[in-house]
Structures are given as C-alpha cells and as structure tokens.
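Biologist: I have the model open and would like to go through it with you. Can you take my questions as they come?

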Amino acid sequence: DSRGDVLAALLLLDTAWWMLEPATASRCRQSTKEEVIRELVRVLSEASDVPVIVAAHHPLQTGGTHGGNSGALRWLANRIGLLRGDLNTPQYRALIDSLSGAFGRASRPVIYMAGHDHSL
C-alpha cells in the first residue's frame with residue numbers, strides 16, 4: 001500500500017440526515033437514502049486492507065434510554081410517532097437495517113461507534 005503506516009480508515013457518517021423526513025439533499029452529494037448506502041458500500045469496498053472506523057451519532061443497538069426501555073410515557077410517545085430517536089421507530093429501524101446490510105458486505109473489519117444516548 002502506498003499510504004505507508006495507515007492503521008485504520010475513518011469514515012464520518014451523518015445519521016441525523018437520515019432521520020429527517022423528508023431527507024434534505026443539501027447536506028450530502030447523495031440525495032436519497034439508497035444513494036447514501038450505495039456510496040457507503042463503495043467506500044468500504046475501496047478502503048485499503050485496514051479496519052474501517054465508522055463514526056456516527058445513532059448506534060445500531062443500545063441498552064440506554066433510546067433503546068425503548070425508559071418508561072410508559074416515552075414508549076407511548078414513541079409509538080405514536082412523536083420520537084424519532086428511539087431504536088424501535090420505523091425511521092431508525094430502516095437506518096439500522098440499511099447500515100447492517102452495508103457493513104455485512106464489507107470485505108474488511110468495520111468498527112461502528114456512536115454516542116446518541118450520551119452514556120455510551
């Protein structure tokens with residue numbers, strides 16, 4: 001590899017963009033969620049033979065407050081669509097499924113880090 005002593009590649013992913021409805025294209029060259037995932041798969045496949053660290057705001061799993069285990073009032077607000085930031089909302093489930101699918105296609109290790117719960 002002509003890069004020398006590269007230990008890992010860092011990819012910053014704006015998952016907040018994904019959670020907005022409708023998604024705004026002004027923050028990203030890709031204008032749809034499908035295009036974002038295609039670009040993620042492309043970047044992961046073209047990375048050198050080092051682990052890829054993907055840093056984002058929303059985790060793929062959590063035991064924190066956004067995991068949906070934080071009381072009846074929050075659960076009810078989530079179920080009727082008032083909260084978008086909890087794992088069991090349709091937008092969040094689509095994000096998790098899409099990212100998991102993209103990471104599963106990667107030919108090298110992917111480390112995903114996020115801090116949405118602010119306690120992770």
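**Helix packing, sheet and core**

Modeller: H2 and H4 are roughly parallel to each other, because their crossing angle is under 35 degrees. Keep in mind that this is a predicted model.

Biologist: At roughly what angle do the axes of H2 and H4 cross?

Modeller: The two axes cross at roughly 25° and come within 9 Å. H2 passes H4 in a right-handed crossing.

Biologist: Which residues make the contact?

Modeller: From H2, Ile37, Leu40, Val41 and Leu44 take part. H4 contributes Ser98, Leu99, Ala102 and Phe103.

Biologist: What is Ile37 in contact with, leaving aside its neighbours within four places in sequence?

Modeller: Ile37 is in contact with Trp18, Ser98, Leu99 and Ala102.

Biologist: Let's step back. How many helices and strands does the chain have?

Modeller: There are four helices and three strands. Read from the N terminus, the elements run β-α-α-β-α-α-β.

Biologist: What holds strands together in general?

Modeller: Strands of a sheet pair through backbone hydrogen bonds, in either a parallel or an antiparallel way.

Biologist: Over how many bridges do S1 and S2 pair?

Modeller: S1 and S2 pair over four bridges, in the parallel sense. S2 and S3 also pair over four bridges in the parallel sense.

Biologist: I'd like residue names. What is the bridge partner of Ala9 in S2?

Modeller: Ala9 has Val52 as its bridge partner in S2, and Leu10 has Ile53. On the S3 side, Val52 has Val110 as its bridge partner, while Val54 is partnered with Tyr112.

Biologist: Back to S1 for a moment. Which of its side chains are buried?

Modeller: The side chains alternate along S1. Ala9 and Leu11 point to one face and are buried.

Biologist: Now the core. How many residues are in the largest nonpolar one?

Modeller: The largest nonpolar core has 24 residues. Those with the most contacts inside it are Ile37, Leu40, Val52, Val54, Leu99 and Phe103.

Biologist: Which elements give two or more residues to this core?

Modeller: Those elements are S1 (9-12), H1 (15-19), H2 (33-46), S2 and H4 (90-104). H4 gives the most, with six residues.

Biologist: What about Val36, is that buried or exposed?

Modeller: Val36 is found in H2. The residue is buried, because its relative accessible area of 12% is under the 20% cut-off. The C-alpha atoms of Val36 and Leu13 are separated by 9.6 Å, and the two residues are 23 residues apart along the chain.

Biologist: Different topic. Where is Gln61 found?

Modeller: Gln61 is in the loop between S2 (52-55) and H3 (72-79).

Biologist: Buried or exposed?

Modeller: Gln61 is exposed, because its relative accessible area of 67% is over the 50% cut-off.

Biologist: And Leu60, where is its place?

Modeller: Leu60 is in the loop between S2 and H3. Leu60 is partly exposed, with a relative accessible area of 23%.

Biologist: How far apart are Leu60 and Ala114 in space?

Modeller: Leu60 and Ala114 are 8.3 Å apart, C-alpha to C-alpha, and 54 residues apart in sequence.

Biologist: Last one, for the whole chain. What percentage of the residues count as buried?

Modeller: Of the 120 residues, 38% count as buried. As for contacts in the chain with a separation of 6 or more, residues 24 or more positions apart account for 71%.

Technical notes:
Residues are numbered from 1 along each chain as its sequence is written. This is a predicted model: local features need pLDDT of at least 70, side-chain atom pairs count only at pLDDT 80 or more; totals for chains, interfaces and linings use all residues. Side-chain values use heavy atoms; hydrogens and water are left out. Buried means under 20% relative accessible area, exposed over 50%, partly exposed in between (1.4 Å probe, protein chains only). A nonpolar core is a set of buried Ala, Val, Leu, Ile, Met, Phe, Trp, Tyr and Cys residues joined through side-chain atoms within 4.5 Å. Contact means heavy atoms within 4.5 Å. Two strands pair if DSSP finds at least two bridges between them. Axes are lines fitted to C-alpha atoms, for helices over the stretch in contact, and angles run from 0 to 180 degrees between N-to-C directions. Angles under 35 degrees count as roughly parallel, over 145 as roughly antiparallel, 65 to 115 as roughly perpendicular and the rest as oblique. A crossing is left-handed if the near helix is turned anticlockwise from the far one by less than a right angle, and right-handed if clockwise.
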